[in-house]
Amino acid sequence: MRQTFRHIKTSKDFRELLIFLFFVLVSFGFWYMQKVSDQESFVAETQTEVTDDDVKMSNMSLEVPIRGINVPAKMRLKTFPSKTKVSFLIDLKKMQEVKVSDFDVVVDYATLPNNAEKTDIDLAKSPSIVRHVELNPTSVEILIERK
């Protein structure tokens, strides 16, 4: 009996079986850890509380003038149209706090290519209480004149 056990213990097939079982055990361990981790995240996600202070968002739009920046003193930059519609989401309770002057929409003369007739406009400033700001139109025709 002892000799048979020693033979099994030292045989190549037995070693391969042990290696196989080891990897099965390690794989099971990783699978189990992943399953436990997924359950913990699910529990954390489902425990979100809803209170009476929920934020109710609304769409709001303002007509904001487009202004030129970095324009040389001897030049004048005009845009067509001269205003853009700025649309955004805001908390209903804070709608009265937003003014046109809180936004700054610009065309940067320094970045204009030579002989440009049309360019994109940029939102240089917006209040932190607004979300998902969009400009319409996003580009304008320009006219550069000497003073």
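These legends describe views of a predicted model. Local features need pLDDT of at least 70 and side-chain atom pairs count only at pLDDT 80 or more, while totals for chains, interfaces and linings use all residues. Residues are numbered from 1 along each chain as its sequence is written, and side-chain values use heavy atoms, with hydrogens and water left out.

View 1. Helices (H or I, at least four residues) and strands (E, at least two) are DSSP runs numbered from the N terminus. Their order from the N terminus is α-α-β-β-β-β-β-β-β-β. Of the 147 residues, 20% count as buried (under 20% relative accessible area; exposed is over 50%, partly exposed in between; 1.4 Å probe, protein chains only).

**View 2. A nonpolar surface patch is formed by Leu17, Phe20, Leu21 and Val24.** Together these residues have about 370 Å² of accessible area (Shrake-Rupley method, 1.4 Å probe; for residues, only the protein chains shown count as cover). Val24 belongs to helix H2 (residues 12-46) and is partly exposed, at a relative accessible area of 42%.

**View 3. Thr79 lies in strand E2 (residues 75-80).** Thr79 is buried, with a relative accessible area of 9%. Its side chain reaches the backbone oxygen of Pro81 at 3.0 Å. Leaving aside residues up to four places away in sequence, Thr79 touches Ile66, Val107, Val140, Glu141 and Ile142 (contact: heavy atoms within 4.5 Å).

Note on methods. Patches are made of residues with over 30% relative accessible area and no salt bridge: like charges are joined within 9 Å, nonpolar side chains (Val, Leu, Ile, Met, Phe, Trp, Tyr) within 5 Å. A salt bridge is a side-chain nitrogen of Lys or Arg within 4 Å of a carboxyl oxygen of Asp or Glu. A polar contact is a pair of N or O atoms within 3.5 Å; within protein, one must be able to donate a hydrogen and the other to accept it, and residues adjacent in sequence count only if both atoms are side-chain atoms.
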